[in-house]
Amino acid sequence: LATTMMMCIEPEGVMEQELAFLDVLARTASARLEVGALTLSDAAGGQLATFRPRQGVPLTGVIWLATGIRNAANEVAAPVAGADVTINFGPDGRLGGNAGCNQYGASYTTQGMSITITNPVSTLRACAEQALNEQETAFLQALMEAVIYRIDGDTLMLLDAADAVIAV
């Protein structure tokens with residue numbers, strides 16, 4: 001590791017923090033990147049540090065995992081157990097992922113925190129459960145209704161024109 005040799009005196013404790021962080025980096029034997037977290041571990045597999053994205057992380061380059069989708073009853077509910085709903089925004093203005101049982105794709109544009117998602121299409125595989133069909137319909141509808149996105153830590157929220165959460 002190489003660093004500058006600048007002495008940090010303020011705020012109090014920052015020098016100790018820096019030395020501890022450099023020690024973690026020197027002891028790191030592996031890194032694991034998961035949705036919303038980077039974990040550094042030592043040679044024995046012990047966790048040394050975990051990093052989460054800062055608010056304002058880029059929308060692209062992350063596979064977002066839904067924890068709630070607005071349903072037909074206008075409630076944000078957890079996805080069907082075992083049926084992960086994902087979304088991945090590409091830098092080319094295309095997005096895609098899994099809606100629970102089918103893969104989907106769409107086009108998107110952003111300006112500031114505004115988002116427009118158009119032309120969602122999905123594969124036509126028959127879902128085993130009616131709840132999955134309803135979830136996929138609700139999720140694809142939510143994508144088309146999204147007008148704002150917010151990123152808070154490792155959480156992406158899609159909101160409608162009334163500023164109500166439609167997917168998180």
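Which residue takes a positive phi in the hairpin of E8 and E9? That one is Gly-100, with a phi near 130°, and the hairpin has four residues between its strands.

1. Some ground rules before the tour. This is a predicted model, where local features need pLDDT of at least 70 and side-chain atom pairs count only at pLDDT 80 or more, while totals for chains, interfaces and linings use all residues. Residues are numbered from 1 along each chain as its sequence is written, and side-chain values use heavy atoms, with hydrogens and water left out.

2. Start with strand E8, residues 94-98. Four of its five residues are buried, so the rest of the structure largely encloses E8. (Buried is under 20% relative accessible area, exposed is over 50% and partly exposed is in between, with a 1.4 Å probe and protein chains only.)

3. Now the partners of E8. Strands count as paired if DSSP finds at least two bridges between them. E7 (residues 86-89) runs antiparallel to E8 and is joined to it by two bridges; Phe-89 has Leu-95 as its bridge partner there. Their hairpin also has four residues between the strands, and Gly-93 takes a positive phi near 85° in it. With E9 (residues 103-111), E8 makes five bridges, again antiparallel, and Asn-98 stands opposite Gln-103.

4. A disulfide here is a pair of cysteine sulfur atoms within 2.5 Å, and the count comes to one. Cys-101 is joined to Cys-127, S to S 2.3 Å, and the link is left-handed, with -95° about the S-S bond. Cys-101 sits in the loop between E8 and E9 and Cys-127 in the loop between E10 and H2, so the pair ties together parts 26 residues apart in sequence. Both Cys-101 and Cys-127 are buried.

5. On to the cores. A nonpolar core is a set of buried Ala, Val, Leu, Ile, Met, Phe, Trp, Tyr and Cys residues joined through side-chain atoms within 4.5 Å. The largest has 26 residues, and Leu-59 and Phe-89 have the most contacts inside it. H2 gives the most to this core, with five residues.

6. H2 has 16 residues and reaches 23 Å from its first C-alpha to its last, close to the 22 Å expected at 1.5 Å a residue; the expected span is 1.5 Å times one less than the number of residues. Among its buried residues are Leu-132, Phe-139 and Leu-143. What covers the buried residues of H2 includes E7, E9 and E10.

7. Last, the open sheet. Three strands form it in the order E1-E2-E3, with antiparallel pairing. E1 (30-34) and E3 (47-51) stand at the edges with a single partner strand each, so one side of each has no neighbour in the sheet. Five bridges pair E1 with E2 (residues 37-41), and Ala-31 stands opposite Leu-40.

Technical notes
Contact = heavy atoms within 4.5 Å.
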